[in-house]
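Visitor: Could you walk me through this structure, one question at a time?
Guide: Gladly! Let's take a look together.

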Amino acid sequence: MIDLLTDSGTGAMSSQQWAAVMLGDESYAGSPSYRKFEQVVKEIFGYRHVIPTHQGRAAERILFRCSVSDGDIVPNNAHFATTLANIEAQGGKAINFMTPEAMETSKNVPFKGNMNIEKLEEKLSTCRARIPLVMITITNNMVGGEPVSMENIKAVSKLCRAHGIPLFFDACRFAENAWFIKIKEEGYANRTPKEIAREIFSYGDGCTMSAKKDGLANIGGFLAMNDGELASKCRKELLITEGFTTYGGLAGRDLEAIAVGLNEVVEEEYLKYQVGFVKFLADLLVQNQVPIVTPPGGHAVYIDAGAMLPHIPREKFPAWALGCALYVEGGIRGAEVGGVMLGKPGKPTATPSEGKNVENEDDAVENDDVFESEEEEHEELFRLAIPRRTYTESHMRLVAVSTEKPALKTFWFITCHRKYCQSEYRKAVVYSTVLSATVPSCATRMSRPLIGWPLYFLCHVRVMQGRGALVAYHENFHLSLVFSWNTKSQRLVYTEKTQVILDIFHDIYIPLESVA
Ligand SMILES: Cc1ncc(COP(=O)(O)O)c(C=O)c1O
């Protein structure tokens with residue numbers, strides 16, 4: 001199995017980090033391991049107060065608990081799921097201000113992660129009193145791990161300062177963002193990633209950090225800020241849920257590993273390799289004509305599942321379907337970043353009266369709130385995250401080969417259909433093997449009726465030259481059925497025996513013709 005579910009805490013720690021683990025001092029209060037950790041964080045991030053937490057979301061919870069009240073609004077270029085949830089848990093509203101090109105997956109612009117300045121400005125001038133802080137997520141995970149430019153960061157900072165609103169970074173992948181600034185933005189080519197990082201943070205007032213990403217550690221995080229009053233409130237909150245102020249939710253050895261990791265992550269050679277490695281996979285996928293978010297970001301390749309599987313309507317979660325397919329096909333695990341993750345199915349492509357399965361329209365409308373406008377409707381992406389310093393190019397080649405399989409190129413379906421889920425065929429797994437790449441109209445004919453197949457009915461259509469077989473596995477039977485394509489009548493030809501199983505699956509196959 002190749003596990004690309006996440007890059008969070010799944011990377012390999014270096015020998016230096018493991019050596020540092022051995023030096024961990026587990027004193028309850030005032031551990032020297034904390035001092036090392038604090039020093040490195042201050043050196044790179046530059047904030048006065050450093051509060052360790054067990055991971056990023058704990059830092060978020062504490063920050064929002066101490067700064068967000070019922071009805072408040074927190075703008076961001078795009079909130080990560082835990083950021084959004086932690087704001088909502090305090091009764092706040094998390095708003096994404098992405099740029100229009102962020103949603104154009106194939107558009108090749110250098111800083112797709114940027115904040116939409118016009119929208120932010122408008123919100124700050126109309127709702128100032130309800131905005132306790134603004135956030136920028138670097139890199140922007142929700143739109144493909146895309147970087148934010150220094151120019152954009154400066155512009156957001158200027159606006160926030162003009163309105164007297166603190167600016168916080170979600171800094172999980174700050175080093176990768178700094179690297180992109182170095183290689184893409186004018187004036188930064190000769191600066192080190194560490195210098196660039198320091199400049200980024202100088203425009204803000206604090207940050208939340210998951211050290212499981214650019215801390216190169218398996219666990220850990222922190223909250224850092226300049227405001228002493230807010231820091232003291234946060235430390236009280238930390239005591240209740242995480243632990244004493246010099247360890248947060250971490251062991252002394254974790255603090256040691258993060259301190260070393262933060263220094264390693266800003267090394268040029270490392271960043272060049274990491275970002276290059278992601279690009280390596282992206283290039284292989286592009287060669288296979290798999291639509292991806294371009295240009296690739298720093299920690300993952302995002303497949304545009306909506307474009308790859310256009311026959312699966314958004315309310316049937318194409319990215320989720322692709323994830324199941326890749327797992328079965330190649331043992332590759334990734335993460336859906338679409339309607340399921342956001343709890344926000346895409347706009348239905350048909351009304352219920354047209355016979356499509358739209359079950360929760362009310363929810364869909366309610367959840368629209370997180371997106372400020374229609375054009376910011378989310379994409380159906382499937383993320384292949386690259387654990388740092390873990391896999392080799394051969395692994396990436398295997399990933400690419402799996403997406404190349406004819407089955408994936410043509411159709412893959414898993415759909416949820418309550419009616420069928422509850423039926424006696426619940427446990428059936430159907431691999432159907434039909435059709436020919438040489439008969440493209442067939443694809444349309446077959447895919448339409450296949451949409452709406454029951455959950456657990458895994459349909460795998462292999463492309464063959466004009467022939468195929470449908471193999472059905474059920475608790476009590478296993479049938480193989482042979483089809484061929486009649487080019488004259490433009491229909492599938494099948495035998496009587498085939499009819500038996502087709503009857504079981506009701507109205508699935510429409511354009512068929514019997515030869516028996
Ligand atoms: C952008 C971003 N912010 C915050 C988090 C939360 O961090 P953690 O998983 O350490 O709680 C993540 C985790 O994936 C993330 O990608």
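**A guided look**

Guide: By class, the shell around the ligand holds 2 nonpolar, 9 polar and 3 charged residues. Please keep in mind that this is a predicted model.

Visitor: Which helices each supply at least two residues of the shell around the ligand?
Guide: The shell has 14 residues, and the closest include Gln55, Gly56, Arg57, Phe80 and Ser210. The helices that each give at least two residues to this shell are H3 (56-67) and H4.

Visitor: What is the handedness of the crossover from E3 through helix H4 to E4?
Guide: Strands E3 (residues 73-76) and E4 (residues 93-96) pair in the parallel sense, over 4 bridges. Between E3 and E4 the chain passes through helix H4 (residues 81-89). This β-α-β crossover is right-handed.

Visitor: Why is helix H7 largely enclosed by the rest of the structure?
Guide: Good one! Among the buried residues of H7 are Phe174, Trp179 and Phe180. The buried residues of H7 pack against helices H6 (150-163), H8 (193-202), H10 (252-265) and H11 (268-287). H7 (residues 174-184) is largely enclosed because, of its 11 residues, the number buried is 9.

Conventions: Residues numbered from 1 in each chain as written. Predicted model: local features only at pLDDT ≥ 70, side-chain atom pairs only at ≥ 80, totals over all residues. Buried ≥ 20, exposed ≤ 12 C-beta atoms within 10 Å, placed from the backbone. Contact = placed C-beta atoms within 7 Å. Pairing = 2+ DSSP bridges. Right-handed = clockwise from strand over helix to strand, strands pointing away. Near = placed C-beta within 6 Å. Nonpolar A, V, L, I, M, F, W, Y, C, P; charged D, E, K, R; others polar.
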